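User: I have a model open and would like to talk it through with you. Could you start with the terms and then go on to the overall picture?

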Amino acid sequence: MKSVKVPLKMLNDVRKELMEKKLMRMDYRIRAEAEYGYIPVKKDIDEYEMVDIDLDELNTHPHNFSELLEDELTSCEIEDLKTSFDTIGEIVILEIPDNLLSKKNIIGKATLNFTKRKSIYMKKSAVHGTIRIRDLELIAGEDNPVTVHKEHGARLKLNVKEVYFSPRLATERKRVSDSVCDGENILDMFCGIGPFPIVIARNNNVNITGVDINENAIKYFKENIRLNKLKNITPLCGDVRDVSPTFKMKFDRIIMNLPGLAYDFLDVAMNLIEDNGIINYYEFSDGYEQGKKRLSDAALKENKNVEIINTRKVKSTSPGEWHISIDAKITSKSDQ
Ligand SMILES: C[S@@+](CC[C@H](N)C(=O)[O-])C[C@H]1O[C@@H](n2cnc3c(N)ncnc32)[C@H](O)[C@@H]1O
């Protein structure tokens, strides 16, 4: 093994220097003897005495994602890739910028190795269309888009190619679940595979109705109700505007997580909300003013008042824009 031979007292400093210069081999163990130390390296280095010596092979996996890709990408590119990871059950979905597309298979293999999940997909499009799904391409591992994701003790089965799901909303779902009171009647107007209803129903004694226009989402929602052994949840497939006239009751809480278009359904929500009920409203925005105005305009049309009880940036969507949440209490004007 090609190695640098250095006096023992210099071993640590030279090791650091060679690591920083990415010249050290990480797959062999450094050997320290009575007077000299031997550091495995990738090539001859003029400043040091070079020797060929047997060193022990390290049969460990590389320590981290950066180590796996350090020969291929800059540390900035590696950091950007890492923040794009979404892990959903046995699947990792990542975003590869155009300038790194030629290295997608190397990146895929490194991700597979590092995460120990079964399938690595890269994003081929933004989330699009009414049912909010995105195009994906397999870059490593097995092509199986069905998985079971665990979130706050709930098991959520889904097909990542057929339905919307974001693990980045886990904290928001927990927050909403923690704000629910036993006995509430809840409507999730855009429920997807049911993560809000499932997390809420696991932690509260409530009645929940979930509606989604995507048949596949409702198929998995039904399966998730069974997987989590839950009762008092009603899944309905259809456009919530068409389904809502069939409801025989009003709701204490309405969840509106369709951030690009929820404002268009505020009239439906204002009609269905119980007096003093809460609307958990979401939109994409650079702040809260637009959402607050949309809520109060919709309330005014129904002769209702809005009291904003909480606002939160759920996640960043692009520089300066956020997926935001606004919790609004709706009261009838005639009550005041
Ligand atoms: C952003 S996803 C949110 C899903 C779910 N709430 C979650 O957190 O994973 C929005 C969902 O709304 C559904 N959707 C879009 N338009 C709809 C409509 N008019 N009526 C009912 N569902 C609709 C889509 O199919 C999609 O599953």
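Analyst: A residue counts as buried if 20 or more other C-beta atoms lie within 10 Å of its own, as exposed if 12 or fewer do, and as partly exposed in between, with C-beta atoms placed from the backbone. This is a predicted model, in which local features need pLDDT of at least 70 and side-chain atom pairs count only at pLDDT 80 or more, while totals for chains, interfaces and linings use all residues. Residues are numbered from 1 along each chain as its sequence is written.

User: What share of the residues is buried?

Analyst: Of the 336 residues of the protein, 34% are buried.

User: And how many helices and strands are there?

Analyst: The protein has ten helices and 17 strands, these being DSSP runs numbered from the N terminus (helices H or I, at least four residues; strands E, at least two). Its radius of gyration, taken over C-alpha atoms, is 27 Å, well over the 20 Å of the globule rule (2.2 Å times the number of residues to the power 0.38), so the protein is more spread out than a compact globule. Along the principal axes, the C-alpha atoms fill a box of roughly 90 × 40 × 35 Å.

User: Switching to the sheet with S5 in it, what is the strand order?

Analyst: The order is S5-S6-S7-S8, in an open sheet of four strands with mixed pairing, where two strands pair if DSSP finds at least two bridges between them. Strands S5 (86–88) and S8 (136–141) stand at the edges with a single partner strand each, so one side of each has no neighbour in the sheet.

User: How do S7 and S8 pair?

Analyst: Strand S7 (residues 119–123) pairs with S8 in the antiparallel sense, over five bridges, and Lys-123 stands opposite Leu-136 in S8.

User: Now the ligand, which residues are closest?

Analyst: The closest are Ile-131, Phe-190, Gly-192, Asn-214 and Val-240, among 20 residues that surround the ligand, a residue being near if its C-beta atom, placed from the backbone, lies within 6 Å. Helix H6 (195–203) and strand S12 (207–212) each supply at least two residues of this shell.
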